[in-house]
Structure formats: C-alpha cells, structure tokens
Amino acid sequence: MAMRRSRRAVAARRRKRRLDAVEHDLSGDQWAALREAWGGCAYCGATDRPLQRDCVLPLSRGGRYTLDNIAPACGPCNASKCNDEVTGWLRRKRYDERAFLERHAAIRALLAPPAPPSHGVA
Ligand SMILES: [Zn+2]
C-alpha cells in the first residue's frame, strides 16, 4: 500500500482527518448503551425498526458525533429529520418535544461522563 504525500494535499487531508475523528467519537459500547437507554426510536418510540445514529444537533449546525448528541432514530425519523433543527422538526411532526428533551437530558446525565465546561454549543 503506497502512501503518497503532497504538500498541496496537506490542508485537505487535515480537514478530512478532523471529520473522520469526529465521526468516530461514539464507541460501539456507547451506542449500545444509548439504544438500551432509549429502548427504541428516540423520536417516535418505534421498537420494531433498526435504529440509526442520529445527531440531535445536526453536524451541519455544529453538532458533534458524540454520546451527548446522538440519539437512536428509526429510518423514517432519521430521513425525515435530516439536517433540521430538532425541536422545530419535532413540533412539525407533532411529536412530544418536551418529553424528548427531558428524556434526552436524563439519558445524557446517565451516560455521558462529566465534561469540562464547554462554550458555544448549548
Ligand atoms: Zn422514529
């Protein structure tokens, strides 16, 4: 396997590496714990569909692929929510926005290790 390096590609490579790192922040164990804590789709509650990793705050809006920003979503919910802001989307779908946010906060507190104070992302 040849590794070709070019100075011109360094910036692009660095950018890609950063994105790759973000994408793999969630470990398999964390994902399993999340699915167990939610017990189904975080949004519609479906338990009979395969669950996908959904970013509560979409990556395109500054969200990260981390334990406290991932919720299990069924295919239809994941596809429908896409890059939408979560609370607006929940309201449009007439899902229980308040129940979701409270459950999400509770599960975050349960699973996420105490994090140093962060800025910017609320
Ligand atoms: Zn769903």
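Predicted model: local features only at pLDDT ≥ 70, side-chain atom pairs only at ≥ 80, totals over all residues.
I started at Q52, which has 15 C-beta neighbours inside 10 Å and so counts as partly exposed (buried takes 20 or more other C-beta atoms within 10 Å, exposed 12 or fewer, partly exposed is in between, with C-beta atoms placed from the backbone). Numbering runs from 1 along each chain as its sequence is written.

I found Q52 in strand β1, residues 51–55 (strands are DSSP E runs of at least two residues, helices H or I runs of at least four, numbered from the N terminus). I looked up P72 next: 20 residues from Q52 in sequence, 5.5 Å C-alpha to C-alpha. Beyond four places in sequence, Q52 has contacts with A73, G75 and N78 (C-beta atoms, placed from the backbone, within 7 Å).

Then I went to the largest nonpolar core, which has 15 residues, with C41, Y43 and A73 making the most contacts inside it (a core is a set of buried Ala, Val, Leu, Ile, Met, Phe, Trp, Tyr and Cys joined through C-beta atoms within 7 Å). β2 gives the most to this core, four residues. I checked Y43 too: leaving aside neighbours within four places, its contacts are A73, C77, L90, Y95 and F100.

Last, I looked at where α2 meets α5: Q30, A33, L34, A37 and W38 on the α2 side, I107, L110 and L111 on the α5 side.

Conventions:
Contact = placed C-beta atoms within 7 Å.
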